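These are my notebook entries on one structure.

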Amino acid sequence: MTAITPEMVKDHGLSESEYQKILDLMGRTPTLVELGVFSVMWSEHCSYKSTRAHLKKLPTKAPWVLQGPGENAGVIDIGDGDAAIFKMESHNHPSFIEPYQGAATGVGGIMRDVFTMGARPIAMMNALRFGEPSHPKTRHLVSGVVSGIGGYGNCMGVPTVGGEVNFHKSYNGNILVNAMCVGLAKADNIFYSAAKGAGNPVVYIGSKTGRDGIHGATMASAEFDDASEEKRPTVQVGDPFTEKLLLEACLELMATDAIIAIQDMGAAGLTSSSAEMGDKGGSGIELDLDKVPQREANMTAYEMMLSESQERMLAVLKPGREAEAEAIFKKWELDFAVIGVTTDTRRLVVKHKAEVVADMPITALSDEAPVYERPYQPREPKGGDVSFDKSKSVLASLKAILAAPDMASRRWIWEQYDNSVMNDTVQHPGGDAAVVRVHGSSKALAITTDVTPRYAKADPYQGGAQAVAESYRNITAVGGTPLAVTDNLNYGNPQKPEIMWEIVAGIDGIGAACRALDYPVIGGNCSLYNETNGEGILPTPAIGGVGLLKDVTKMATVAFKRQGDVVIVIGETKGHLGQSIYLREIEGREDGPAPRVDPALEKKHGDFVRGLIEQSRVDTCHDVSDGGLLVAVAEMAIGGGIGASIGVAGLPEPIPFWFGEDQARYVIAAPFEEADRIIEEARAAYISVAALGKTGGDRLVLEDSNSVSIAALKAAHEGWFPNFMSGEEIPMTN
Amino acid sequence: MKARVFVTLKNGVLDPQGKAIGHALNGLGFGSVGEVRQGKVIDLELNETDAGKAKAELKAMCDKLLANTVIEKYEIELKG
Amino acid sequence: MKSAVIVFPAANCDRDAKVALEQMTGQAPAMVWHQDSELPDVDLVVLPGGFSYGDYLRCGAMASQSRVMQAVKAHADKGGMVLGICNGFQVLTESGLLPGALMRNAGLKFVCKPVTLSVEETQNAFARHYEKGQEITVPVAHGEGNYYADEETLNRLEGEGRVVFRYKGNPNGSARDIAGILNDKRNVLGMMPHPERVVDPVTGGTDGRALFHSLIETLS
């Protein structure tokens, strides 16, 4: 047996005090396999040791929440016996190393999280953050990530319906790839991971196990010194074809009542799936690794337990149902093997070649995992200079902003994703939220991902709250009722007190907004230690939101639809230029305070706007966010190919008015008489409202004087991405 | 017996991928690069010791599945 | 009209084809597993879009060798109708039921967007409900839809009126903007765009309906 040295402990990412705790829990020196199991189960990724204490403060309950955080994905009730199941997860580091496979396996992993609960995935979203466009790696990473997401999602036949992309230098050495999957199931046929009961067969299904993804650092022990580089690939390769078969086979098995528990083998594969299933079921698990389907010869127990080979699941079946399950997996030409049994010992016992290589209490891997109350150092939210050159042309600035990297059309990306397969996509990418019909019904889900990292940097609390508020607005703007969110918290190194404060304040901001908006958090994922040259990324707490449209024919889209509609802004415009796109793109400064979020106002304005859409009185709506009011109007004009003439009499400062990023605002357009009634009703409800002008023509006319053609705005808006990407690029082979 | 099959596009069939690779190589400063054509390599292990039989079998495999002879040509290499 | 949809592993538009057929004909199609060696008694066989066998080796190559394709060929030989959509078109060229080949898109990227097609030929079972020269909007979603055939074959296809759909604004580099072609007996149609995705106004339009109406009228 390999002796455990301090170097090996360190290489496994365990601190001295953590190793001491392991010795205490085990009452002896762990074996190498046990050390490996501890190292992954106690990792930040699996244990949430830096954030667990704070995540507990998030609101997770509502009458429609069927399953909150703690399972593979969260579940909400959407009426008629239907449930929506969703989660968002990061695959940041692997995507930086190998963008195609990193992004592809991220997509595959999050889909498994959703279908392991009995849902058929119906929509994918992704929130992507890249370094500056001028950074030499950026184009290669964008190209690889986008083809990886498309390559996997398209092959699965699940539409990728939207997402968001930002560029910022803080991501130069650490891109973010957050993928979200939404699935549908029947509320009374949801599958969980609790391996209850003793004596039940533990079965392995899917692809064979290879040496994928076993991290180099954790391999640095005497036993592996002779291993060649080829023996330890750290990049997992995705196989969407196998995953599609796995999806169909799992759903077929789930139509029977043979399953007690099922869990995807994600990060830390066999280790985390078996430990978590045993933990949740209050049982023990005994595994015989000789029975594990293996892709490579002479794999060690350590390698098998830590392999991150993709497209695999672990399930516990009712005794006697193995043959029935095996027949389904054979039909789909997938591996199936009974590799263990549940016990009543509450221990994880692993055998290999007739030898016990690990025997450890399961609670040591879960309840006893370290939790840290890491120190944090608050800093004053950013204030400062929001001055600007008053002489600049509003329309010239508008055109420049529409063509800025963070604002330009993402068409180049979304046309590489099959966004209409499954034939239920009602709103394609490019709107405020994607809308996907619940198959065979007239209701639909609205889906969005949001966060404004520059706000979160200036003020982590407001940034967290704003991500939730924007998600709420985006769902409202299509006519949906926001129901629940999944969060993907991407931050820097939590051992730095100033970063830990960004995390704590961000979670507090998310919690406060979710509580006020009745928009609970039903799942999520943390990705910490994201840094470029020792500098943390912009705090990026991405929020994936899901809402419900009871009747998909009562829906709004961004595009102007008629000539002569009155353009109305709901919500007050004070002209907040701090941290605005205007200040950054036109004045070249990332300055000033983040806009403040008032959740009560968000709710009031949201309910008002949603009501108008639900009553079929408004079919044209856009939330006001990045870039401000004029950008919102311009996007509506570009979308519909219809111009508008807008202005406000006696405006003292046009620039903050048109480009300020005050929150809780929407632009709507409605025919004249309806618009009159809407304005009256808003005033009666003490909602700030103003008519900006009328749609019509093919130009955007400002204050009856200056104008720009919609065609020119569109060309600027659509041109940036393809121009940026048309630089030299060796094509992906996939 | 081991075999390696090379599948490439027939001459005259446009190869946009090869063209893009060539363009990229030129862009990287490899000015000597002219036309580039790309293809794929398939390694197979055969339970067959007779080289003639193996070759005939491989040819059948190529015609039936490994290559699309409307647009692709193939070469077979036997190793040991 | 009785129809069947072939279920190849990972040809993921099989459900979309089923739903569209059900909606248009009022009758659920038979779903036929790729390892079956026989087809039920049907008038129309649909090879759906998707990624059969993960598009590994070449799109449609492995599906074209599956057991059920012998039965599909026999059905076509007897004059039965076959419609191949997207990956189904690739399977048809790989299996020799249609001439030519579908190569990687000229832009080297997967492309999913609505495209405008012009209906070139209406004297066939698939397009008789369209007007000759009519422009319709149908989405494409493929990485390898770049139709290739030698000049002689292309000339023959044109001469015999077998080019049914042509792109207006070629999304993939197809020879002569070809989007859909017939076999010489005019009972097998392969097309890259997805008519089954445009039968419902809620999800993007109804320009695909006439194709199904044409088949229904021909076959009942």
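**Entry 1: Chains B and C**

I looked up the contact between two chains and found that chain B contributes 16 residues and chain C contributes 14 residues, where contact means heavy atoms within 4.5 Å. Between them, chain B and chain C bury about 1,200 Å², with 66% of it on carbon and sulfur atoms. Buried area is the accessible area (1.4 Å probe) that two parts lose on being put together, summed over both. On the chain B side, B:Pro16, B:Leu65 and B:Asn68 lose the most area to chain C, together 37% of what that side buries.

I record the conventions here. The model is predicted, so local features need pLDDT of at least 70 and side-chain atom pairs count only at pLDDT 80 or more, while totals for chains, interfaces and linings use all residues. Residues are numbered from 1 along each chain as its sequence is written, chains are lettered from A and ligands numbered from 1 in the order in which they are written, and side-chain values use heavy atoms, with hydrogens and water left out.

**Entry 2: Chains A and C**

I then turned to the contact between chain A and chain C, which takes 33 residues from chain A and 27 residues from chain C. The area buried between these two chains is about 2,500 Å², and carbon and sulfur atoms give 56% of that area. In chain A, the residues that lose the most area to chain C are A:Phe241, A:Glu415 and A:Asn423, together 24% of what that side buries.

**Entry 3: Nonpolar cores**

I looked up the nonpolar cores, each a set of buried Ala, Val, Leu, Ile, Met, Phe, Trp, Tyr and Cys residues joined through side-chain atoms within 4.5 Å. Buried means under 20% relative accessible area, exposed means over 50%, and partly exposed lies in between (1.4 Å probe, protein chains only). The largest nonpolar core has 138 residues, and A:Phe329 and C:Phe165 touch the most other members. Helix H9 (residues 240-254) of chain A gives the most to this core, with nine residues. A second, separate core of 63 residues includes A:Ile76, A:Ala469, A:Val478 and A:Cys514. Helices (H or I, at least four residues) and strands (E, at least two) are DSSP runs, numbered from the N terminus.

**Entry 4: The cavity**

How many cavities of 30 Å³ or more does a search of the whole structure find? I found one. A cavity is a set of points on a 1 Å grid over the protein atoms alone where a 1.4 Å probe fits but cannot get out, and lining residues have an atom within 4 Å of a point. Grid points are joined across faces, edges and corners, and a volume is the space filled by probe spheres set on the points. The largest cavity holds about 60 Å³ of space. Its lining includes A:Asn166, A:His168, A:Asp406 and A:Arg584. Strand S5 (160-167) and helix H16 (453-458) of chain A each supply at least two residues of this lining.

Most residues other than glycine have a negative phi. A:Asp80 sits in the loop between strand S2 (74-77) and strand S3 (82-90) of chain A, and at 64% relative accessibility it counts as exposed. A:Ala664 also has a positive phi, of about 60°, although it is not a glycine. A:Ala664 lies in the loop between helix H22 (654-659) and strand S25 (666-670) of chain A. Is A:Ala664 buried or exposed? A:Ala664 counts as buried, because its relative accessibility is 3%.

**Entry 5: Single residues**

I looked up A:Gln427, which lies in strand S14 (residues 425-427) of chain A and counts as buried at 6% relative accessibility. Among the residues that A:Gln427 touches, not counting those up to four places away in sequence, are A:Val478 and A:Met555.

B:Glu75 is in strand S3 (residues 72-79) of chain B and is exposed, with a relative accessible area of 52%. B:Glu75 touches B:Arg4, B:Val5 and B:Phe6, again not counting residues up to four places away in sequence.

Lastly, I checked A:Pro94, which lies in helix H6 (residues 92-97) of chain A. A:Pro94 is partly exposed, because its relative accessible area is 26%.

Key
On a 1 Å grid over the protein atoms alone, a cavity is a set of points where a 1.4 Å probe fits but cannot get out, and a pocket is an open set with protein on both sides within 12 Å along at least five of seven lines; lining residues have an atom within 4 Å of a point.
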